[in-house]
Amino acid sequence: RLFGTIVVPGASHLALMLSAANAAFGAAQSELSNVCFLQPLVLGENEERHVHLVIDPREDGIAFAELMSININANVNDPNQWTVHCNGNIHYKLELEVAQQELPWDVIKSEWKPVVTTEVFYNTFAGMGYNLGEAFQWLGDGWYNGPVAVRAVRWPKMPDNMKLYQLYPGLLDSFFQSLASCRPKGSEDLA
(Lines give C-alpha, C1' and ligand atoms only; values in the text may rest on other atoms or scores of the structure.)
Protein backbone atom coordinates (compact mmCIF):
# COMPACT_ATOMS: atom_id res chain seq x y z
CA ARG A 1 0.00 0.00 0.00
CA LEU A 2 1.07 3.53 -0.70
CA PHE A 3 -0.42 5.97 1.79
CA GLY A 4 -3.17 3.40 2.45
CA THR A 5 -3.99 2.86 -1.24
CA ILE A 6 -3.39 -0.46 -2.98
CA VAL A 7 -0.90 0.16 -5.79
CA VAL A 8 0.42 -2.79 -7.79
CA PRO A 9 4.22 -2.40 -7.83
CA GLY A 10 5.86 -1.55 -11.14
CA ALA A 11 8.21 -4.46 -10.43
CA SER A 12 5.21 -6.78 -10.86
CA HIS A 13 4.65 -5.36 -14.35
CA LEU A 14 8.29 -5.98 -15.24
CA ALA A 15 8.23 -9.51 -13.82
CA LEU A 16 5.11 -10.25 -15.89
CA MET A 17 6.86 -9.04 -19.05
CA LEU A 18 9.88 -11.25 -18.35
CA SER A 19 7.68 -14.29 -17.66
CA ALA A 20 5.71 -13.60 -20.83
CA ALA A 21 8.94 -13.54 -22.86
CA ASN A 22 9.73 -16.98 -21.52
CA ALA A 23 6.23 -18.30 -22.27
CA ALA A 24 5.94 -16.73 -25.73
CA PHE A 25 9.47 -17.18 -27.04
CA GLY A 26 11.07 -19.77 -24.75
CA ALA A 27 13.51 -17.06 -23.65
CA ALA A 28 15.39 -18.20 -20.55
CA GLN A 29 17.23 -14.88 -20.61
CA SER A 30 15.62 -11.64 -21.67
CA GLU A 31 16.11 -7.93 -21.19
CA LEU A 32 13.70 -5.03 -20.98
CA SER A 33 14.46 -1.62 -22.49
CA ASN A 34 12.68 1.70 -22.97
CA VAL A 35 10.15 0.83 -20.28
CA CYS A 36 7.67 3.61 -19.54
CA PHE A 37 5.37 3.57 -16.52
CA LEU A 38 2.41 5.55 -17.81
CA GLN A 39 -0.29 5.09 -15.18
CA PRO A 40 -0.18 3.28 -11.82
CA LEU A 41 -2.38 0.22 -11.37
CA VAL A 42 -4.42 1.38 -8.39
CA LEU A 43 -7.06 -0.84 -6.82
CA GLY A 44 -9.94 0.27 -4.64
CA GLU A 45 -10.93 -1.91 -1.70
CA ASN A 46 -12.37 -5.17 -3.12
CA GLU A 47 -11.90 -3.91 -6.71
CA GLU A 48 -11.07 -6.49 -9.34
CA ARG A 49 -9.49 -5.75 -12.71
CA HIS A 50 -8.58 -7.87 -15.70
CA VAL A 51 -4.92 -7.40 -16.61
CA HIS A 52 -3.89 -7.90 -20.21
CA LEU A 53 -0.36 -8.01 -21.64
CA VAL A 54 0.00 -7.59 -25.40
CA ILE A 55 3.27 -8.71 -26.98
CA ASP A 56 3.95 -7.62 -30.54
CA PRO A 57 7.11 -9.03 -32.20
CA ARG A 58 8.60 -6.15 -34.19
CA GLU A 59 12.04 -7.27 -35.35
CA ASP A 60 14.32 -10.23 -34.86
CA GLY A 61 14.67 -10.81 -31.13
CA ILE A 62 12.70 -7.72 -30.05
CA ALA A 63 9.03 -7.43 -29.17
CA PHE A 64 6.97 -4.48 -27.96
CA ALA A 65 4.96 -5.18 -24.80
CA GLU A 66 2.06 -3.20 -23.38
CA LEU A 67 0.38 -3.93 -20.05
CA MET A 68 -3.17 -2.69 -19.52
CA SER A 69 -6.15 -3.33 -17.28
CA ILE A 70 -9.91 -2.89 -17.18
CA ASN A 71 -12.50 -3.13 -14.42
CA ILE A 72 -14.15 -6.57 -14.52
CA ASN A 73 -17.58 -4.95 -14.93
CA ALA A 74 -16.54 -2.69 -17.84
CA ASN A 75 -17.16 -3.32 -21.54
CA VAL A 76 -13.93 -4.93 -22.81
CA ASN A 77 -14.82 -3.87 -26.37
CA ASP A 78 -14.72 -0.17 -25.42
CA PRO A 79 -11.10 0.97 -25.85
CA ASN A 80 -11.76 3.99 -23.61
CA GLN A 81 -12.33 1.66 -20.64
CA TRP A 82 -8.80 0.24 -20.79
CA THR A 83 -5.92 1.83 -18.86
CA VAL A 84 -2.38 1.36 -20.19
CA HIS A 85 0.00 1.03 -17.24
CA CYS A 86 3.36 0.45 -18.86
CA ASN A 87 5.05 -0.50 -22.09
CA GLY A 88 8.51 -1.28 -23.35
CA ASN A 89 10.69 -3.55 -25.45
CA ILE A 90 11.51 -7.16 -24.67
CA HIS A 91 14.83 -8.42 -26.07
CA TYR A 92 14.43 -12.18 -26.01
CA LYS A 93 17.37 -13.54 -28.00
CA LEU A 94 20.14 -12.99 -25.49
CA GLU A 95 23.00 -14.91 -23.95
CA LEU A 96 24.09 -12.91 -20.93
CA GLU A 97 27.35 -13.52 -19.10
CA VAL A 98 27.40 -14.00 -15.34
CA ALA A 99 29.52 -11.47 -13.45
CA GLN A 100 32.38 -13.10 -11.56
CA GLN A 101 33.40 -10.14 -9.39
CA GLU A 102 32.95 -10.44 -5.61
CA LEU A 103 32.47 -7.61 -3.14
CA PRO A 104 35.23 -7.02 -0.56
CA TRP A 105 32.98 -7.85 2.43
CA ASP A 106 35.73 -7.53 5.05
CA VAL A 107 36.53 -3.98 3.92
CA ILE A 108 32.87 -3.01 3.68
CA LYS A 109 32.02 -4.28 7.16
CA SER A 110 35.10 -2.76 8.82
CA GLU A 111 35.59 0.57 7.02
CA TRP A 112 32.18 1.71 5.82
CA LYS A 113 29.60 3.60 7.89
CA PRO A 114 27.52 1.72 10.47
CA VAL A 115 24.94 -0.81 9.50
CA VAL A 116 21.47 0.35 8.54
CA THR A 117 19.45 -2.59 9.85
CA THR A 118 16.56 -4.19 8.03
CA GLU A 119 14.19 -2.99 10.74
CA VAL A 120 15.33 0.64 10.52
CA PHE A 121 15.23 0.58 6.72
CA TYR A 122 11.67 -0.78 6.43
CA ASN A 123 10.39 1.35 9.36
CA THR A 124 11.74 4.41 7.53
CA PHE A 125 9.94 3.27 4.36
CA ALA A 126 6.72 2.77 6.32
CA GLY A 127 7.10 6.26 7.81
CA MET A 128 7.20 7.64 4.27
CA GLY A 129 3.89 5.89 3.46
CA TYR A 130 5.23 2.74 1.76
CA ASN A 131 3.71 -0.33 3.41
CA LEU A 132 5.38 -3.30 1.79
CA GLY A 133 4.16 -6.84 2.32
CA GLU A 134 6.60 -9.49 3.52
CA ALA A 135 7.19 -10.79 -0.02
CA PHE A 136 8.56 -7.33 -0.89
CA GLN A 137 11.00 -7.13 2.04
CA TRP A 138 14.12 -8.83 0.70
CA LEU A 139 16.72 -6.38 1.93
CA GLY A 140 18.89 -7.27 4.89
CA ASP A 141 21.38 -5.04 6.70
CA GLY A 142 23.19 -2.35 4.73
CA TRP A 143 26.40 -0.33 4.79
CA TYR A 144 27.10 2.99 3.12
CA ASN A 145 30.11 4.96 2.03
CA GLY A 146 29.09 8.40 0.77
CA PRO A 147 26.77 7.99 -2.22
CA VAL A 148 27.44 4.22 -2.45
CA ALA A 149 25.46 1.61 -0.53
CA VAL A 150 25.59 -2.17 -0.22
CA ARG A 151 22.70 -4.18 1.17
CA ALA A 152 22.53 -7.85 2.00
CA VAL A 153 19.61 -9.78 0.53
CA ARG A 154 17.60 -12.18 2.68
CA TRP A 155 14.86 -14.69 1.96
CA PRO A 156 11.43 -13.37 3.11
CA LYS A 157 8.22 -15.29 3.73
CA MET A 158 6.71 -16.07 0.35
CA PRO A 159 2.96 -16.17 -0.35
CA ASP A 160 3.38 -18.02 -3.65
CA ASN A 161 5.75 -20.20 -5.64
CA MET A 162 8.84 -18.40 -6.97
CA LYS A 163 9.09 -20.91 -9.82
CA LEU A 164 6.08 -19.21 -11.41
CA TYR A 165 8.27 -16.18 -12.25
CA GLN A 166 11.36 -15.49 -14.32
CA LEU A 167 12.29 -12.92 -11.67
CA TYR A 168 10.18 -12.63 -8.54
CA PRO A 169 8.52 -9.16 -8.30
CA GLY A 170 9.56 -8.64 -4.67
CA LEU A 171 13.20 -9.39 -5.46
CA LEU A 172 13.11 -7.06 -8.45
CA ASP A 173 11.49 -4.35 -6.33
CA SER A 174 14.24 -4.72 -3.71
CA PHE A 175 16.74 -3.47 -6.29
CA PHE A 176 14.68 -0.28 -6.57
CA GLN A 177 14.38 -0.09 -2.77
CA SER A 178 18.14 -0.39 -2.37
CA LEU A 179 18.56 2.85 -4.32
CA ALA A 180 16.98 4.54 -1.30
CA SER A 181 20.09 3.54 0.66
CA CYS A 182 22.28 5.68 -1.56
CA ARG A 183 22.80 9.15 -0.20
CA PRO A 184 23.23 12.25 -2.33
CA LYS A 185 26.74 13.67 -2.01
CA GLY A 186 27.03 15.55 1.29
CA SER A 187 23.79 14.15 2.73
CA GLU A 188 23.77 12.36 6.07
CA ASP A 189 20.03 11.62 6.05
CA LEU A 190 18.87 8.04 5.88
CA ALA A 191 17.03 7.71 2.60
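**Salt bridges**

I started with the salt bridges and found three in the structure. The rule I used wants a side-chain nitrogen of Lys or Arg within 4 Å of a carboxyl oxygen of Asp or Glu. A note on where this comes from: the model is predicted, so local features need pLDDT of at least 70 and side-chain atom pairs count only at pLDDT 80 or more, while totals for chains, interfaces and linings use all residues. Residues are numbered from 1 along each chain as its sequence is written, and side-chain values use heavy atoms, with hydrogens and water left out.

Glu-47 pairs with Arg-49, with 3.1 Å between the closest N and O atoms. I then looked up how covered the two are, calling a residue buried under 20% relative accessible area, exposed over 50% and partly exposed in between (1.4 Å probe, protein chains only). Glu-47 is partly exposed at 27%, and Arg-49 is partly exposed at 23%.

Next I noted Arg-58 with Asp-56, N to O at 2.9 Å. Arg-58 is exposed at 54%, whereas Asp-56 is partly exposed at 32%.

The remaining entry here is Asp-60 with Lys-93, where the closest N and O atoms are 2.6 Å apart. This pair links distant parts of the chain, 33 residues apart: Asp-60 is in the loop between strand 4 (49-59) and strand 5 (62-71), and Lys-93 is in the loop between strand 6 (83-91) and helix 2 (105-111). For these elements I went by DSSP runs numbered from the N terminus, helices being H or I with at least four residues and strands E with at least two. Asp-60 is exposed, with 65% relative accessible area, and Lys-93 is exposed at 55%.

**Nonpolar cores**

Which residues make up the largest nonpolar core? I listed nine: Met-17, Ala-21, Ala-27, Ala-63, Ala-65, Leu-67, Cys-86, Ile-90 and Tyr-92. Helix 1 (10-25), strand 5 and strand 6 each supply at least two of the core residues, and strand 5 gives the largest share, three residues. A core here is a set of buried Ala, Val, Leu, Ile, Met, Phe, Trp, Tyr and Cys residues joined through side-chain atoms within 4.5 Å. As background, nonpolar side chains in soluble globular proteins tend to be buried together.

I checked the surroundings of Ala-65, taking contact as heavy atoms within 4.5 Å. Skipping neighbours within four places in sequence, Ala-65 touches Met-17, Leu-53, Val-54, Ile-55, Cys-86, Asn-87, Gly-88 and Ile-90.

**Strand 6 and its partners**

Strand 6 is mostly covered, with seven of its nine residues buried. I count strands as paired if DSSP finds at least two bridges between them. Strand 5 and strand 6 run antiparallel and are joined by eight bridges; Met-68 stands opposite Val-84 of strand 6. Strand 2 (residues 31-37) is also antiparallel to strand 6, through five bridges, and there Cys-36 has Asn-87 as its bridge partner.

**Cysteines**

How many disulfides are there? I got zero, using a cut-off of two cysteine sulfur atoms within 2.5 Å. Cys-36 is in none, and its nearest cysteine sulfur, on Cys-86, is 9.0 Å away. Cys-36 is partly exposed at 36%, but Cys-86 is buried at 0%.

**Helix 1**

Helix 1 has 16 residues and spans 23 Å from first to last C-alpha, close to the 22 Å expected at 1.5 Å a residue; the expected span is 1.5 Å times one less than the number of residues. Its buried residues include His-13, Leu-14, Met-17, Leu-18 and Ala-21. Just after helix 1, I saw that Gly-26 takes a positive phi of about 65°.

Ser-12 is in helix 1. Beyond neighbours within four places in sequence, Ser-12 contacts Phe-136 and Pro-169.

**Helix 4**

Is helix 4 mostly covered or mostly open, and what does it pack against? Helix 4 (residues 169-178) is mostly covered, with seven of its 10 residues buried. I noted Pro-169, Leu-171, Leu-172 and Gln-177 among them. The buried residues of helix 4 pack against helix 1, helix 3 (118-127), strand 7 (139-145) and strand 8 (148-153).
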